[in-house]
Amino acid sequence: MGIADRIRNLFDSAGLPPALDWVKSDIVMMLVVLVLVIGFISVSVLFLIWLERKVSARIQRRMGPMLAGIPWLNAKSMWLGGIFQTAADAIKLLIKEDLTPAEVDKLVYFLAPMLVFTASLMSYVVIPFGDGLSVTDLNVGVVYLLAVSSIAVLAIMMAGWGSNSKYSLLGGLRSVAQMISYEIPMIFALLGPVLMAGSLSMQDIVKAQAASHWFIIPNIIGFIVFIIAGTAETNRPPFDLPEGESELVAGFVTEYSGMKFAMFFLAEFSNLFVVSAVATTLFLGGWAFPGLDAIADPAIRTLVSFLVFLVKTYVIILLLMWIRWTFPRLRVDQLMHFGWKTLLPFAFLNLLIAAIWVMVSVRM
Amino acid sequence: MTLKTEEFYINMGPQHPSMHGVLRLLVKLDGEYIVDCEPVIGYLHRSIEKMAEGKHFGQFIPVTDRLDYVTSMSANYVFVLAVERLADIVPTPRGDYIRVLMVELNRIASHLLWFGTNTLELGATTPFLYAFQEREKILDMFEATCGQRLTYNYLRLGGVAYDLPKTVSFAWTDGVMPFEKACEKFLNEMIPVLDMCEELVSENAIFLKRTRGVGVLPRDLAVDAGCSGPVIRACGVKYDVRKAVPYSIYSELDFDIPTRENGDSWDRYKIRMDEIRESTKICHQVLAKMPKGAFKQVLPNRIWVPPGEVYSRIENSRGDMGTYLVADGSEKSYRCKFRTPSFSNLCVMPYLLKGALVADLIAIGASLDFVLPEIDR
């Protein structure tokens, strides 16, 4: 049961007049869900960027944004000061001149930012936000997710190539090499929980964890591999080589400005949420929480499961932020060595452990 | 089918965001690997040496600030030292001690700045801010002493421009404190922060991978190219002007010259961190021994020096810095030539970069710690 069905049920229970039946049609529901998801992404990203700035500020012994917020709060709290900073940044980016450098491959250059955001948007389709709260519960959810996330590689390559700049090209090339190399350990890390749940559907994996235990046991190695590979997939430090600002200016986003740049930024933070959400779903039990079944009212149960999911996801996000502001950047050859020679064997090891675990638990 | 590949050029700088100053590097790349690299300098040429011929000695001191804006005190010092030797001026004892204190504090500030930017080039943002927060305290003390935070114009012939302030009050002092106490407080509190920074960076696997065995400078090449300072000491050459040709009060002070053997980026990093510690030792001794009395000899504004020539050299934070001064009996120099360490240290860059990766370009450059205005002059 997806979000659309839930909204339909809501209308039914509210007693919608028959004249308004078109509201329940598929096309309207599609639009409603799309607006919901995009709204969720936008709000999340606005919040995440602000959070990232505040967390980095606390790590670096400074205040972070303190001015763009509610004046009364700015003076009161170090954490709540400047809560509108990202909104202000977004407005700035929107009203900025949208430069198109000469000699760019126009079509590719324009398509890249849209594609990178679309790829990230498509990932949200299968994420189980709560008990029965996913756009659609595909029976190949995990495979779909991995497939969609590799579209982003194409978009970044397009940005690198279309910009007609050497720095962008180098960034694009690095990104392709990096994302393809790290996708493989990522897939193998995800196979552990899939094996244990016996299903590729995200909701089924969560339900399997609700029935037994969080799949971080015995997949702890897989979890660590996934977090590392996920950091690389989202191009965050210490794997931010595609946009490594100290050597490649800004990598594939060098030639982008205004809203197109904002699209890349949006996609980056939305991917951060996706990676954390997937880690939560497959390793930390998703929305499952002991005592959730005791809540009788289905509406409240859904809400609580949603909150549980958010809390777990934000724990992972904070972990990723902590990593980001601590480590230096890897070099491109070291990145490849690490991906293929360290991460992949560990991912295999994890798969082996998960398989033995499943075999033993079935025997017993 | 074989794909046709070709090498391509990229122009790193002068407007590259993380290039140190306005250096232009013409880099020939084979994919990610550097085939060849040619540094192009001169974008910041202000003909400082020629300006020396048009200003009398006192007027020229503020210009030397612009030689090396990261350690202006040293740049002041090397010029003042040359003129004093030529004109037979002996600085007052207190003036001499204040000079050494300021130069060493400036060395700490310079190395902290280097530590911050070096880790920034390697992609870590956080240590940069830790280092700058400490450097800020030194700048506070300089501001209280000479009114400036970057280009100090503090040294004078025969001493320094102003005496140390009696009391200071900064955000990090316990209210109003005597200057010496505040300085001691800073030195004592900086070492734990430095330890913390080193803990964060030195044992970090990624940092070690990015620096150990990267940019290895052979000892012979370093000597031939005339490298100096931490760059040559990282190759195992125990050469420091403060010990080799002691000037001022350095022969009375107890400090070590840290050296290392491998000559890679890691060693250059370690040397600078050790030097900060040695400099704090010097500062402690200078503060303890600080004599009372006049901070400056009473001299006329304009000084006519006897004809002759002199070469003065000091150890600034980047290495052996010298001034060759020729006087013709007037109040201006006939010729003033600066020997700057960054120029020689930059010379070895093409050698270090051959076969390295693009990512190492900025990292190796940062580990050499050159300052462009000093090279272009």
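Trainee: Hi! Which element gives the largest share of the lining of the second largest pocket?
Mentor: That would be H10(A), with five residues. Keep in mind as we go that this is a predicted model.

Trainee: Okay, and how much space lies in that second largest pocket?
Mentor: The second largest pocket holds about 360 Å³ of space. Its lining is made of 15 residues, and the closest to the centre are Ile228(A), Phe239(A), Phe327(A), Phe338(A) and Ile206(B).

Trainee: Which elements give two or more residues to that lining?
Mentor: H10 of chain A does, together with helix H7 (205-211) of chain B.

Trainee: How do the residues of that pocket's lining divide into nonpolar, polar and charged?
Mentor: Twelve are nonpolar, two are polar and one is charged.

Trainee: Let's switch to cavities. How many of 30 Å³ or more are there?
Mentor: There are two cavities of that volume in the structure. The largest cavity has about 170 Å³ of space.

Trainee: How would anyone find where empty space is left?
Mentor: Picture rolling a probe the size of a water molecule over the atoms, which shows where there is empty space.

Trainee: Nice. Which residues lie nearest the centre of the largest cavity?
Mentor: Ser149(A), Glu233(A), Asn271(A), Val274(A) and Val275(A) do, out of 17 lining residues. Several helices of chain A each supply at least two residues of this lining, including helix H6 (141-149), helix H10 (220-233) and helix H12 (258-283). As for residue types, the lining of the largest cavity has eleven nonpolar, five polar and one charged.

Trainee: What about the outside? Which residues make a nonpolar surface patch?
Mentor: Look for Phe346(A), Leu349(A), Leu352(A), Ile356(A) and Val360(A), which make a patch of about 430 Å². Leu352(A) sits in helix H14 (residues 332-363) of chain A.

Trainee: Is Leu352(A) buried or exposed?
Mentor: Leu352(A) is exposed, because its relative accessible area is 51% and the cut-off for exposed is over 50%.

Trainee: New topic: how many salt bridges are there over all chains?
Mentor: The count is 37. In general, side chains of opposite charge can pair when their charged atoms come close.

Trainee: Where are Arg107(B) and Glu104(B) in the chain?
Mentor: Both are in helix H4 (residues 93-121) of chain B, three residues apart, so about one helical turn separates them. Arg107(B) is buried at 1% relative accessible area, and Glu104(B) is buried at 0%.

Trainee: What does Arg233(B) form a salt bridge with?
Mentor: Its partner is Glu315(B), with the closest N and O atoms 3.0 Å apart. Arg233(B) is in helix H9 (residues 230-233) and Glu315(B) in strand E8 (residues 308-316), so this pair ties together parts of chain B that are 82 residues apart in sequence. Arg233(B) is buried at 1%, and Glu315(B) is buried at 0%.

Trainee: Which residues are linked with these two pairs in a network of salt bridges?
Mentor: Asp240(B), Arg242(B) and Glu275(B) are in the network along with Glu104(B), Arg107(B), Arg233(B) and Glu315(B).

Key: Residues numbered from 1 in each chain as written. Chains lettered and ligands numbered in written order. Predicted model: local features only at pLDDT ≥ 70, side-chain atom pairs only at ≥ 80, totals over all residues. Heavy atoms only, no water. 1 Å grid on protein atoms, 1.4 Å probe; cavity = no way out; pocket = protein on both sides within 12 Å on 5 of 7 lines; lining within 4 Å. Points joined across faces, edges and corners; volume = space filled by probe spheres on them. Helix = DSSP H or I, 4+ residues; strand = E, 2+ residues; numbered from the N terminus. Nonpolar A, V, L, I, M, F, W, Y, C, P; charged D, E, K, R; others polar. Patch = residues over 30% accessible without salt bridge, like charges linked within 9 Å, V, L, I, M, F, W, Y side chains within 5 Å. Areas by Shrake-Rupley, 256 points an atom, 1.4 Å probe, with all protein chains shown as cover. Salt bridge = Lys/Arg side-chain N within 4 Å of Asp/Glu carboxyl O. Buried < 20%, exposed > 50% of the residue type's maximum accessible area, 1.4 Å probe, protein only.
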